[in-house]
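Dear colleague,

Please find the structure below, followed by a description of what was found in it. I would be grateful if you would read the two side by side.

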Amino acid sequence: MDNIKVIEIKKSVFEDNEIDAENLRKELKAKGVYLLNLMSSPGAGKTTTLIRTINLIKDKLRVAVMEADIDSDVDAVKIKEATGIQSIQLHTGGMCHLDAEMTRQGIDNLDLAGVDLVILENVGNLVCPAEFDTGAARNAMILSVPEGDDKPLKYPLMFSVCDLVVINKIDVQPYFDFDIEKCKSYIKMRNPNAEVIPICAKTGQGVEALAEWLIRQVKLWKNQ
Amino acid sequence: MHELGIVFYIIRDVKQAAAEHGVSKVSGVVMDIGEVSTIVPEYLTDCWRWAADKEELLKGSELKINIIPAVTYCDECKSEYETVRHGRKCPRCGSERTWLLRGNEVEIKSIEVPETY
């Protein structure tokens, strides 16, 4: 049998992605394009929330959307039809998340002329997307009422990487044991700086606060 | 559920390291995986078998996993405790001002190369 030679590597699997993400973040900053990475479970209402929000801000900001899914282009088509903005579909080829390299490929397929804000709708999943930095300026996530107020305890990483948590479907709160104050305290345990905005994307309740948050974020970031 | 994606990253890094060291065959890859890194070791080795056998460099190679036990540090009473057993709350003083010291690693520790290669 052959003798074995050992080569020490000692390298984090995420290291290359973190470098790619940092480079992408710098390039987008130089171009003045704010990238928001939006995450959630499947069915939390990402697409509906985006449509509502984009329709409120599209006169003030030039917005483009990248929809990431394992397959199909239903979301990209839906966004385009409902808002009229530039919207493209990214396929992850079976992967449960997007990394910085895949995000860059998406960005390269967008016409960035005059665009202020690109929203990346990540794959619906509370585990993997949190581990991979996409190169976004900020991370946001949507938690919907039927999922339960204990999710920040169960998926700590997701809540610790997000600057904003949108609580969606608050119209059905009476039918579920969902305590918003309790949920907020769990979120603060994971991330004391996270902002929380309760909305109902279906009726539009609270969506103005979300629109204002986005406009404020982009403005602050541009002046940094 | 993200183990296959992680395996692709490992393969990319191992290929790069092999090229840097002028190596054409790898028989083993040793990983340090933290206990609370959200990686399921059995899934990782299953995905490895499927993906590694498609690469000439890695065909038949073994993925060896060292589990790094998770340890949390308490800022209040300056002590360390087992994360998985006690969670976020310090078992000594009850404080929640605690943070993970280790146990989140997903690291390639080393690669093993047959000496004739």
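A:L120 is buried, with a relative accessible area of 0% (buried means under 20% relative accessible area, exposed over 50%, partly exposed in between, with a 1.4 Å probe and protein chains only). The residue belongs to strand β5 of chain A, residues 117-121; helices (H or I, at least four residues) and strands (E, at least two) are DSSP runs, numbered from the N terminus. Setting aside residues up to four places away in sequence, A:L120 touches A:L35, A:L36, A:N37, A:L38, A:M66, A:L90, A:L98, A:T103 and A:T134, where contact means heavy atoms within 4.5 Å.

This is a predicted model, in which local features need pLDDT of at least 70 and side-chain atom pairs count only at pLDDT 80 or more, while totals for chains, interfaces and linings use all residues. Residues are numbered from 1 along each chain as its sequence is written, chains are lettered from A and ligands numbered from 1 in the order in which they are written, and side-chain values use heavy atoms, with hydrogens and water left out.

A:Q217 sits in helix α9 of chain A, residues 207-222. Apart from neighbours within four places in sequence, A:Q217 is in contact with A:Y34 and A:R138.

The next feature involves both chains. Four strands form an open sheet with mixed pairing, in the order β1(A)-β6(B)-β1(B)-β2(B); two strands pair if DSSP finds at least two bridges between them. At the edges are β1 (4-12) of chain A and β2 (62-68) of chain B, each of which pairs on one side only. From one strand to the next, the twist averages 20°; axes are lines fitted to C-alpha atoms, for helices over the stretch in contact, and angles run from 0 to 180 degrees between N-to-C directions. Within this sheet, β1 (residues 28-34) and β6 (residues 106-114) of chain B run antiparallel and are joined by six bridges, with B:S110 in β6(B) as the bridge partner of B:V30.

Two helices of chain B contact the sheet. α1(B) lies across β1 of chain A together with β1 and β6 of chain B, at about 50° to β6(B). α2(B) touches β1 and β2 of chain B, and its direction makes about 160° with that of β2(B).

The two helices also meet each other. The axes of α1(B) (residues 3-20) and α2(B) (residues 41-52) come within 9 Å and cross at roughly 55°. They are therefore oblique to each other (angles under 35 degrees count as roughly parallel, over 145 as roughly antiparallel, 65 to 115 as roughly perpendicular and the rest as oblique). Among the residues that meet are B:F8 and B:I11 from α1(B), and B:W48 and B:W50 from α2(B).

β3(B) (residues 71-74) pairs in the antiparallel sense with β4(B) (residues 79-82) over four bridges, and B:Y73 has B:E80 as its bridge partner. The hairpin of these strands has four residues between them, and B:K78 takes a positive phi near 55°. β3(B) also pairs in the antiparallel sense with β5(B) (residues 98-102) over four bridges, where B:V71 stands opposite B:R102. In β3(B), B:V71 and B:Y73 point one way and B:T72 and B:C74 the other, and all are buried.

Yours sincerely
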